[in-house]
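Reader: I'd like to learn how to read side-chain pairings in a model like this one. Can you walk me through it?

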Amino acid sequence: MYRLVGKQVRVHLYDRQGVTLGTVEGRVADYAPQVEVAPGMKKDLVYVVDIRTGDPEVPYKNSSGEENESWFAVQDVEV
């Protein structure tokens, strides 16, 4: 998955019930394999930066409050 680093990607966003919320686009800056995201559940993650929401007035904000960058599961990313 290191092949994704540096690539422009589209990330599909879902709520906790699995309902699609939309997409954002950005650039993959890092990769972390087999991160435990919940007890007994591991996923490969990518760190996406320079995230664009499609509306320059509305920046993407992650759950930590940081803008325009976040970790996402590889399974939710398309090149």
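This is a predicted model: local features need pLDDT of at least 70, side-chain atom pairs count only at pLDDT 80 or more; totals for chains, interfaces and linings use all residues.

Reader: What does the side chain of Asp50 meet in a salt bridge?

Author: Its partner is Arg27, with 3.0 Å from N to O.

Reader: How many salt bridges does a search of the whole structure find?

Author: The search turns up 4. Take Glu25 and Arg10 next: their closest N and O atoms are 2.7 Å apart. This pair also links distant parts of the chain, with Glu25 in strand E2 (residues 20-38) and Arg10 in strand E1 (residues 8-14), 15 residues apart.

Reader: Which residues do salt bridges with shared partners join into one network?

Author: Arg10, Glu25 and Arg52. So when you look at the Glu25 and Arg10 pair, look for Arg52 as well, because shared partners join them into one network.

Reader: Let's turn to rings. What describes a pair of aromatic rings?

Author: Two values do: the distance of the centres and the angle of the planes. This structure holds 2 aromatic pairs. One of them is Tyr47 with Trp71, a tilted pair at 5.0 Å centre to centre with 55 degrees between the planes. It links distant parts of the chain: Tyr47 belongs to strand E3 (residues 41-52) and Trp71 to strand E4 (residues 69-73), 24 residues apart.

Reader: Why is that pair called tilted?

Author: Stacked needs planes under 30 degrees apart and edge-to-face needs over 60, so an angle in the remaining range is called tilted. As for accessibility, Tyr47 is buried, with a relative accessible area of 17%, while Trp71 counts as partly exposed at 40%.

Reader: Where do Tyr60 and Phe72 lie?

Author: Tyr60 is in the loop between E3 and E4 and Phe72 is in strand E4, so their pairing ties together parts that are 12 residues apart in sequence. This pair is tilted as well, with 5.9 Å centre to centre and 50 degrees between the planes. Tyr60 counts as buried at 15% relative accessibility, and Phe72 is buried with a relative accessible area of 9%.

Reader: One last residue, then. Is Asn62 buried or exposed?

Author: Asn62 is buried, with a relative accessible area of 11%. You'll find Asn62 in the loop between E3 and E4.

Reader: Which residues does Asn62 touch, not counting those up to four places away in sequence?

Author: Glu69 and Ser70, once those residues up to four places away are left out.

Note on methods. Residues are numbered from 1 along each chain as its sequence is written. Side-chain values use heavy atoms; hydrogens and water are left out. Rings of Phe, Tyr and Trp (its six-membered ring) pair if their centres lie within 6.5 Å; planes under 30 degrees apart count as stacked, over 60 as edge-to-face and the rest as tilted. Helices (H or I, at least four residues) and strands (E, at least two) are DSSP runs, numbered from the N terminus. Buried means under 20% relative accessible area, exposed over 50%, partly exposed in between (1.4 Å probe, protein chains only). Contact means heavy atoms within 4.5 Å.
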